[in-house]
Amino acid sequence: ELADITASAGQLPDKEWLASDLSNSPYRGNVYVAYAYLNSTDTTYNIFVKTKAASGTTFGAAVDLTPADILFAQFTSIDVDAQGVVHVMFAGAKAEDEVASLYHCKSTNGGASFSAPVKIAPFFLSCFPPGTDSTCNLTGVD
């Protein structure tokens, strides 16, 4: 379904990253995409992951990794380790004006499901929360 990867009506996929499984796991050859999904109609920001199996030709359904209490999620990254475990990290906050924290979750079953995200630590990123730094000059963020 293209509805969650095609920008329309205030909904926008953003900051897409790909990773492929080069391990000798049963998921070798899988391709994963992680992205932020911005919905300006209800002001939610979620992190989604889609998987294309090595033998497939299309990506499967999106898995939403965002905890219910996280209203602002951005800046995702995705990697696959030597055992075929898929790792996703992202910034999340309970409000758009709150300092973000770094979250991590993982999949041990080829992206079919993911562990609950674990909050690692809060962090400072210039320009975030929005409006806190009027001298923001980070290319791609400002």
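Visitor: Are Tyr37 and Phe48 buried or exposed?
Guide: Both Tyr37 and Phe48 are buried. Buried means under 20% relative accessible area, exposed over 50%, and partly exposed in between, with a 1.4 Å probe and protein chains only. This is a predicted model: local features need pLDDT of at least 70, side-chain atom pairs count only at pLDDT 80 or more, and totals for chains, interfaces and linings use all residues. Residues are numbered from 1 along each chain as its sequence is written, and side-chain values use heavy atoms, without hydrogens and water.

Visitor: Why is the pair of Phe90 and Tyr103 called stacked?
Guide: Rings of Phe, Tyr and Trp (its six-membered ring) pair if their centres lie within 6.5 Å; planes under 30 degrees apart count as stacked, over 60 as edge-to-face, the rest as tilted. The centres of Phe90 and Tyr103 are 5.4 Å apart and the planes stand at 10°, so the pair is stacked.

Visitor: What makes Phe90 buried?
Guide: Its relative accessible area is 0%, so Phe90 is buried. Tyr103 has 8%, so Tyr103 is buried too.

Visitor: Why is Gly29 called partly exposed?
Guide: Gly29 has a relative accessible area of 33%, so it is partly exposed.

Visitor: Which residues does Gly29 touch, not counting those up to four places away in sequence?
Guide: Gly29 touches Asp21 and Ala54. Contact means heavy atoms within 4.5 Å.

Visitor: Which residues form one aromatic cluster?
Guide: Tyr35, Tyr37 and Phe48 form it.
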